[in-house]
Structures are given as C-alpha cells and as structure tokens.
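Student: I would like to take a close look at one part of this protein, and I would be glad of a careful explanation that defines its terms along the way.

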Amino acid sequence: MGIKTRSDCQAKKVKSLFCFGGEMYPKLTIWEKGGMAALKRVLVIILMVFNFSPCAFGWSSETHIFIATEAGIKNPEVTCFPDLAREENIILAGPFHWHDAAPTTIVTPDYIDQHQITEGMYVKVGAPESKPIKMKVPDPSGVLYWKILELYQHMKGRTGWEYEYYLTNIAHYVGDLSQPLHNFPYADHPAGDGKAYPEIGFWAKEHHQQFDSVLDSFLPLTGKEKETFQKMINPIQIASVDDLKKEISKIANSAISLANKCYAEKRLLTKDEALRQIAMSVSLLRVIMKNTNQ
Ligand SMILES: [Zn+2]
C-alpha cells in the first residue's frame, strides 16, 4: 500500500535515534508560559528529556482502511496519512498515536484531561542565549485520547476540504484507539502514571507489530464473516464532548483489559478479539461523522 509500517520504521536510522535507550533522545529545555520574561529572570528551567516511543505504529494500513471503509469514509486510504505525516516531526507528532497507560489504569474523562498537549517555550540545550520558540508539547506518555477530542471540536462547523482534513485525522486516531498495545506500557518508557513497566513494556514492544497486523490476512472481510462483523458494531449516541470522553474511555479500557489478558496468557490477539476491538472504532467513527457532517 506504500504506507510505512513499523517494520519499515525499524529498518531506518530513526529507530537507532529514537528506539534505543534514553541517552540519544534530543534534550529540550522548556520554559513554562510567559517564556521571554522567564528567560530573562532565569527563575525556573524545566529540563525535559523526551522519552517517546515513535516506532510504535498502529493498526496496519489494511486495518485502518477497513475501519474507514466500514465507517463510510469515501476515500478510506487517506486515513493512513497520519502515519506518514508524523515522520515530519516524530518527536512531537508520534505521541498523537498512542497513550502508554499503566496496566492498572482505568481511563475516565478526568484521566483524558490529564494527558494533553500543552504549550511551552523551547530553547536548545547548550544555547541558552538563543531565542525561545513557542511550541506545543504532547504529554510524553502519549495524547491519543485527548487528540481525538481536539479534532472532534475542530470538525464542528467545518465544511469541504477542511472537514475532510479533520475527518482523515480523527478516523486514523479512532482506529489506533482500539489497538490494545497502543494503550499499554512500551519498553521501559514511563507510562501515564510516570512509572516504567519494563517487563510488560518489552513484551509489548516485541509483539507490537504482530498485534498491528493480526487481521491483515483476513481483510477485507466478505460474505458471512462480514455479516458477523456488522453485528459486532453497536450504534452509540454522543450528545456532548463529555459523552465523547466516556466513549473514548470505554474503548481504551477494553483495549487495556485485552492487552493485560494477552500479556498474562503470553499470547497474541485473536482474530475475533481484534475484530471486536475495531468494531468499536467503526461505531465511534460513525457517530462522530453523524454529529459533525454539515
Ligand atoms: Zn497511528
């Protein structure tokens, strides 16, 4: 399909830069809001060492396309664009695709609010005299849930190509949301609670790509299998942003619980489990389209 998968990523230099150990990660100095004044006074300097996991891709392009097709998106291939777009700035755009929840996490609307994109002032380490640049910085454990909310709010009132742009993006992230390992610790990176879970995380890293592509040989579904899949899609209603947070939480919690189950049993996702997960993505995407389409 020409869409990069995690294996492509692994073959590239980017992996050696970002996927091995923390010492090679770029170091950024962030001044909290009011950056220039803070710079002059040199009151507080927060040194952030980014510790993202940009090689954790999402469902395969085949699966993303299937989710988009089932949701009724006219040109489903475009929903794979965010996996390429993030390579332009993988440190900042990578965390849109996952949230490394601790294994005991129960995602709630409040939890979603705690892991978002915030604004800070960036100054290159070793060059404190350089002019700070205002930039948006994602929570290092990943902002997948929050990103879906942000896009949903951008979609309202938009039409034409602008609407299509946001739809393309939200369709991708609503797809990523149901991949169990996109909601689970990765390697020894700090999870949403700030703690590392290396045993679980390295197991998840090892099997990530197998989870991503578990459905590839079965897609697109046809005949009886497609009928069975259609029955897995439960229509939902969303009347407010808070409702959307609750629906995101449900899918995330289902994904976390399934990831825990697979880890406990040391096995991969089954075809049936994967289909039930993506049916939740299709269902959420349908209601998002229904609520936002003018
Ligand atoms: Zn993705």
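Which residues are buried in α4?

Tutor: This is a predicted model, in which local features need pLDDT of at least 70 and side-chain atom pairs count only at pLDDT 80 or more, while totals for chains, interfaces and linings use all residues. Residues are numbered from 1 along each chain as its sequence is written.

In α4, the buried residues are S61, E62, T63, H64, I65, F66, I67, A68, E70 and A71. A residue is called buried if 20 or more other C-beta atoms lie within 10 Å of its own, exposed if 12 or fewer do, and partly exposed in between, with the C-beta atoms placed from the backbone. Helices (H or I, at least four residues) and strands (E, at least two) are DSSP runs, numbered from the N terminus. For the protein as a whole, buried residues make up 39% of the 294 residues, and the secondary structure comes to 13 helices and four strands.

What covers the buried residues of α4 includes α9 and α13, where two residues are in contact if their C-beta atoms, placed from the backbone, lie within 7 Å. After α4 comes G72, which has a positive phi, near 100°.

One of the covering helices, α9 (160-177), also packs with helix α8 (residues 144-155) at an angle of about 155°, with their axes 9 Å apart. Here axes are lines fitted to C-alpha atoms, for helices over the stretch in contact, and angles run from 0 to 180 degrees between N-to-C directions. The helices α8 and α9 are therefore roughly antiparallel to each other, since angles under 35 degrees count as roughly parallel, over 145 as roughly antiparallel, 65 to 115 as roughly perpendicular and the rest as oblique. Among the residues that make this contact are L144, I148 and L151 of α8, and Y163, L167 and I170 of α9.

Most residues other than glycine have a negative phi. A187 is itself buried, with 23 other C-beta atoms within 10 Å.
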